[in-house]
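Reader: I am new to this structure. Please show me how to read its features.

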Amino acid sequence: MQDLPNLILIGPMGAGKSTIGRLLAAELSREFLDSDHEIQARCGADIPWIFDVEGEAGFRQREEQMIAELTELDGVVIATGGGAVLRESNRRRLRERGTVIYLFTTVEQQLKRVAKDRNRPLLQRPDREQVLREMFDLRDPLYRATADVVVRTDRRSPRAVVNEIVRRV
Ligand code: S3P
């Protein structure tokens, strides 16, 4: 039997990758794996701790290793961290190993979703709107270049997004 392709969710913080990934996996009776969650479990520490002690570079190293491992699997739903597309090696790996779905959202929607968040080190600063806008400008083209499918998640329920993904992949 041919291996079932993975379904890989990419997109910025607050796009709904974890929520939608969990629902999508349940809908298709597949296993769900969240890269950030797996990194924390492996390390025995949370993401703010990793950024504090090892810096963003240390986190990106762990993330690359985790993406390499998760994409070895077949037929699973994978949620990646928002910065996973920054490394060319990750982009290539994601494209080779699954159908990649870009969960698009706007900066306005992100701001609503991550307003009280303490678990995202890159946003723990007063100018988080500016940070998100700069990230959008840098990363949106990378998400688009990596994705097979782009699905909007702003102003829609997770269920509506899952239904669209199921229709399109
Ligand atoms: C990051 C996004 C986070 C997490 C880390 C860095 C980023 O994941 O990997 O804080 O660079 O955008 P989520 O997209 O799941 O919030």
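**Helix packing and ring pairs**

Author: The axes of helix 1 (residues 17-28) and helix 7 (residues 158-168) come within 9 Å and cross at roughly 55°. This is a predicted model: local features need pLDDT of at least 70, side-chain atom pairs count only at pLDDT 80 or more, and totals for chains, interfaces and linings use all residues. Residues are numbered from 1 along each chain as its sequence is written, and side-chain values use heavy atoms, with hydrogens and water left out.

Reader: How are two packed helices described?

Author: By the angle between their axes and the distance between the axes. Axes are lines fitted to C-alpha atoms, for helices over the stretch in contact, with angles from 0 to 180 degrees between N-to-C directions. Helices (H or I, at least four residues) and strands (E, at least two) are DSSP runs, numbered from the N terminus.

Reader: What are helix 1 and helix 7 to each other?

Author: Helix 1 and helix 7 are oblique to each other. Angles under 35 degrees count as roughly parallel, over 145 as roughly antiparallel, 65 to 115 as roughly perpendicular and the rest as oblique.

Reader: Which residues of helix 1 and helix 7 make the contact?

Author: Contact means heavy atoms within 4.5 Å. Helix 1 brings Thr-19, Ile-20, Leu-23, Leu-24, Glu-27 and Leu-28. Helix 7 brings Pro-158, Arg-159, Val-161, Val-162, Ile-165 and Val-166.

Reader: Is Arg-167 buried or exposed?

Author: Arg-167 has its place in helix 7. Arg-167 is exposed, with a relative accessible area of 63%. Buried means under 20% relative accessible area, exposed over 50%, partly exposed in between (1.4 Å probe, protein chains only).

Reader: How is a pair of aromatic rings described?

Author: By the distance of the centres and the angle of the planes. Rings of Phe, Tyr and Trp (its six-membered ring) pair if their centres lie within 6.5 Å; planes under 30 degrees apart count as stacked, over 60 as edge-to-face and the rest as tilted.

Reader: How many aromatic pairs does a search of the whole structure find?

Author: The search finds 4 aromatic pairs. One of them, Phe-51 with Phe-59, is tilted: 5.0 Å centre to centre, 35° between the planes. Phe-51 and Phe-59 are buried. Phe-104 and Phe-136 form an edge-to-face pair, 6.0 Å centre to centre, with 80° between the planes. That pair links distant parts of the chain: Phe-104 in strand 4 (residues 98-104) and Phe-136 in helix 6 (residues 128-146), 32 residues apart.

Reader: Which residues do ring pairs link into a cluster?

Author: Tyr-102, Phe-104, Phe-136 and Tyr-143. Phe-104 is buried at 10% relative accessible area, while Phe-136 is partly exposed at 27%.
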